[in-house]
Amino acid sequence: MVGVLTLGMIIGAIVYNSLYLAQFEALITLKSELEVKLEQYETDLKHLNEFKNQHTVIKSILPRVEKEAGQNTGRPHLDQVTEALIIKRIKGDLSVFLGQSIYEIDSDAKFARNLLEKKVYMDVNSKDYTIEVKTILVVDNVLHVWIKVRDYAKPPS
């Protein structure tokens, strides 16, 4: 009886720990998503106040990681935190476009594509990634950028 009781306690502890871990991971994911949104809102608010009287300029940047369908797409599995860090770095690289005229984005878009073409982001959650810009679009004073993310394989030396 004592053995069955001990076994029941161990199994109960395992089930309780797995439920606790799942809730904790969901909480961490939610926290990282909310931090990204808060940072985006703060920068949008700052730039909107800065450019509130200018109606033909880029007021915010919204990078998006493309979700690819299929089995062998080569896309690494990115958790929310890693994806948020990559998006944050891309926003930093593209921040030079804030305040630029939306009518002159054609030459700037080519520049951005060349700037970010096969760019390597080192040490993002202890991994290296390369990005490729697929589409750049300006809608309602927001610069939308769709990118593909791949694992970076260091060339042999």
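A crossing of two helices is left-handed if the near helix is turned anticlockwise from the far one by less than a right angle. The legends below describe close-up views of a predicted model.

**View 1. Helices α1 and α2 cross in a left-handed sense.** Two packed helices are described by the angle between their axes and the distance between the axes. For α1 and α2 the angle is about 15° and the axes are 9 Å apart. Angles under 35 degrees count as roughly parallel, so α1 is roughly parallel to α2. On the α1 side, the contact is made by T29, S32, E33, V36, E39 and Q40. On the α2 side, Q80, V81, A84, K88 and K91 take part. An α-helix has 3.6 residues a turn, so residues three or four places apart point the same way.

**View 2. Helix α1 covers residues 2-50.** With 49 residues at 1.5 Å a residue, α1 should span 72 Å. The C-alpha atoms at the ends of α1 are 71 Å apart, which agrees with that value. Which residues of α1 are buried? They are S32, Q40, D44 and H47. The cover over these buried residues includes strand β1 and helix α2, the latter formed by residues 80-94. S32 and Q40 also belong to the contact between α1 and α2.

**View 3. Four strands form an open sheet with mixed pairing.** Strands of a sheet pair through backbone hydrogen bonds, either parallel or antiparallel. The order of the strands is β1-β4-β3-β2. β1 and β2 are the edge strands, and each of them pairs on one side only. From one strand to the next, the twist averages 35°. Helix α2 packs on this sheet and touches β1, β2, β3 and β4. The direction of α2 makes about 130° with that of β2.

**View 4. Strands β1 and β4 pair in the parallel sense.** β1 is made of residues 60-65 and β4 of residues 142-151. How many bridges join β1 and β4? There are six bridges. At one of the paired positions, R64 has W146 in β4 as its bridge partner.

**View 5. Strands β3 and β4 form a hairpin.** β3 runs over residues 127-139 and pairs with β4 in the antiparallel sense, over ten bridges. V139 stands opposite V142 in β4. Two residues lie between the strands of the hairpin. Most residues other than glycine have a negative phi, and most peptide bonds are trans. In this hairpin, D140 takes a positive phi near 55°. N141, in the loop between β3 and β4, also has a positive phi, near 65°. Is N141 buried or exposed? Buried means under 20% relative accessible area; N141 is therefore buried, with a value of 13%.

**View 6. Strand β2 pairs with β3 and contains D123.** β2 and β3 run antiparallel and are joined by four bridges. Y121 has Y129 in β3 as its bridge partner. D123 lies in β2, which is made of residues 119-124. What is the phi of D123? It is positive, about 55°, although D123 is not a glycine. Exposed means over 50% relative accessible area; D123 has 54% and is therefore exposed.

Key. Residues numbered from 1 in each chain as written. Predicted model: local features only at pLDDT ≥ 70, side-chain atom pairs only at ≥ 80, totals over all residues. Heavy atoms only, no water. Pairing = 2+ DSSP bridges. Expected span 1.5 Å × (residues − 1). Buried < 20%, exposed > 50% of the residue type's maximum accessible area, 1.4 Å probe, protein only. Contact = heavy atoms within 4.5 Å. Axes fitted to C-alpha atoms, helices over the stretch in contact; angles between N-to-C directions. Parallel < 35°, antiparallel > 145°, perpendicular 65-115°, else oblique.
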